[in-house]
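I opened this model to note what its atoms say, entry by entry. My entries follow in the order I looked things up.

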Amino acid sequence: MASELALLGGPQAVKSDPGDMFAWPIVTPDIEQAVLEVLRRGAMSGMDVTKQLEKEFAAWHGMEGYCLGHNTGTQAIQAAMFGVGVGKGDEIICPSITYWASCLQAYTLGATVVFADVDPDTVCIDPNDLERRISPRTKAIVAVHYAGHPADMDPILEIARRHNVAVIEDVSHAHGALYKGKMVGTFGDAAGFSIMSGKSFAAGEGGLLLTPKKEVYERALVFGHYARANELTIPEYVAGGGLPWGGYKNRMNQLTAAMARVQLKKYPGEMGDIDRAMNYFWDKVGDLPGIRSHRPAWGNSTKGGWYAPHGLYRPEELGGLSVHRFCEALRAEGATSGPGCNKALHQHPLFQTVDVYRAGKPTRIANLPDDVDVRETDADLPVSSGMQERIYNIPWFKHYRTEIIDEYAEAFRKVVQNYKELLPGDPGNPPAGGGWGLTRRIG
Ligand SMILES: Cc1ncc(COP(=O)(O)O)c(C=O)c1O
């Protein structure tokens, strides 16, 4: 009997042209108008539009606190680290599964990174693995809301408070997501957001820092915003301000700020469409064996704009079928999908051997006491180390168009229900899955 699977000669499940289903960001005439206005005014390096954006972005989060525009998410997160006081000889704790800019900036501050494992279902920092990673040198915990999934903030905050350690949220993947009814980015001492073009809140290269604390805000100002030294009020920073302490110029380009302001008006609506579409997809396929949705299990919790959506893969329910073979079959159906996610950072040489600043020691341990080697704790990160075989990316639907989504869901159903036919040709997973950035995905 002929196979149902396209990989084995059957008909493709995805037949329709998806049109603009995956196009992102959606650039409307009002965005073009706002950017042109800045361009024609020659106000790219000004600050008026950025300051308006800061107010509006904080208000969207219901924040009494402070928001500061940055030229990248990377710089916003570095400023958050400096803002909460990370400095020489300090440690920050970060999940091993994330993009490097959740933590690597610690090196430039003279600090280092201790990795914590991730939870297999949330793919965010595992609160049960967190406490044992804390040392007398720990200054901050970075909670990354990974691939749109909120990190489990209640236990993270409880542990942080008990040990008097700051919490930085990396919200680059989860703009607008809710954790138990409250927006992510409002839980910690500071939060950093990337708003580069690929993100769900997309405005070109740019980043935002959000903090409820004046001290953090002013430290971020003094670190990389020399042109705003007039905003400083804390005597230490007023006295030492004027030039940027970090030696950085972090100001946001106002073309980005202009686009972000318009985006902010449209985003809640766009996010609503995406959320409806993605939940529709998972409601159709989530009960199939071997695949699980990556959705928050807590009440009143959401994934915002579902940046880089992934599915969890459980090969033991599909006769051990490798995620690579599984994705190959999906691709043949036209439901392009790649295996893996961000590789476990502790496996990169930059966190093992590289001596960036020529200290005569790997940078990871260069500023620690001689008898401390935090690399030893990397040996015990089993979930992160095995993650590439248990996750894959899925289509990122931008519109609630059920007739199209149904075709993708059908592709998943076909592959799962006929998995036994895929076992004989399965070469297994290659040793080094995933990528240091997110792997290519549909949409
Ligand atoms: C989790 C995470 N943090 C930080 C960043 C850095 O942001 P940017 O690219 O705007 O510097 C990114 C992505 O680019 C990211 O995925």
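**Entry: the segment before the opening helix**

I started at Pro 25, which I found in the segment before H1. I take helices (H or I, at least four residues) and strands (E, at least two) as DSSP runs, numbered from the N terminus. Trp 24 and Pro 25 are joined by a cis peptide bond, with omega about -5 degrees.

**Entry: ground rules**

I am working on a predicted model, where local features need pLDDT of at least 70, side-chain atom pairs count only at pLDDT 80 or more, and totals for chains, interfaces and linings use all residues. I number residues from 1 along each chain as its sequence is written.

**Entry: the whole chain**

I counted 13 helices and 12 strands in the protein chain. Its C-alpha atoms fill a box of roughly 80 × 60 × 40 Å along the principal axes. Does the radius of gyration agree or disagree with a compact globule? It agrees, because a compact globule of 443 residues would have a value near 22 Å and the protein chain has 22 Å. I took this radius over C-alpha atoms; the globule rule is 2.2 Å times the number of residues to the power 0.38.

Next I looked at burial. I call a residue buried if 20 or more other C-beta atoms lie within 10 Å of its own, exposed if 12 or fewer, and partly exposed in between, with C-beta atoms placed from the backbone. On that count, 52% of the 443 residues of the protein chain are buried.

Then I turned to contacts. Two residues are in contact if their C-beta atoms, placed from the backbone, lie within 7 Å. Of the contacts with a separation of 6 or more, 72% are between residues 24 or more positions apart.

**Entry: Ala 34 in H1**

I found Ala 34 in helix H1 (residues 29-41). Ala 34 counts as buried because it has 21 C-beta neighbours inside 10 Å. Which residues does Ala 34 contact, leaving aside neighbours within four places in sequence? They are Ala 258, Met 259, Arg 261 and Val 262. Ala 34 and Ala 258 are 224 residues apart in sequence, yet 5.6 Å apart in space, C-alpha to C-alpha.

**Entry: the nonpolar core**

I defined a nonpolar core as a set of buried Ala, Val, Leu, Ile, Met, Phe, Trp, Tyr and Cys residues joined through C-beta atoms within 7 Å. The largest one has 130 residues, and Met 81, Ile 92 and Ala 140 have the most contacts inside it. Helix H8 (residues 254-285) gives the most to this core, with 14 residues. I listed the contacts of Ile 92, not counting residues up to four places away in sequence; among them are Met 81, Val 86, Cys 103, Lys 139 and Ala 140.

Strand E9 (residues 207-211) is mostly covered, with 5 of its 5 residues buried. Gly 207, Leu 209 and Thr 211 point one way, and Leu 208 and Leu 210 point the other way.

I count two strands as paired if DSSP finds at least two bridges between them. Strand E1 (residues 66-70) pairs with E9 in the antiparallel sense over 5 bridges. There, His 70 has Gly 207 as its bridge partner. Strand E8 (residues 190-194) also pairs with E9 in the antiparallel sense, over 4 bridges. Gly 192 stands opposite Leu 209.

**Entry: helix H6**

Helix H6 (residues 214-224) is mostly covered too, with 9 of its 11 residues buried. Including Tyr 217, Glu 218 and Arg 219, the buried residues of H6 pack against E1, H3, E8, E9 and helix H7 (235-240).

**Entry: the ligand shell**

The shell has 15 residues, and the closest are Thr 72, Gly 73, Thr 74, Tyr 99 and Ser 194. Helix H3 (residues 73-83) gives the largest share, 3 residues. The shell divides into 5 nonpolar, 9 polar and 1 charged. Here Ala, Val, Leu, Ile, Met, Phe, Trp, Tyr, Cys and Pro count as nonpolar, Asp, Glu, Lys and Arg as charged, and the others, Gly among them, as polar.

**Entry: positive phi in one loop**

I found Asn 300 in the loop between strand E10 (291-293) and strand E11 (310-313). Asn 300 has a positive phi of about 50 degrees although it is not a glycine. Ala 308 lies in the loop between E10 and E11, and its phi is near 45 degrees. Are they buried or exposed? Asn 300 is exposed, because it has 10 other C-beta atoms within 10 Å. Ala 308 is buried, because it has 22 C-beta neighbours inside 10 Å.

Key. A residue is near a molecule or strand if its C-beta atom, placed from the backbone, lies within 6 Å of it.
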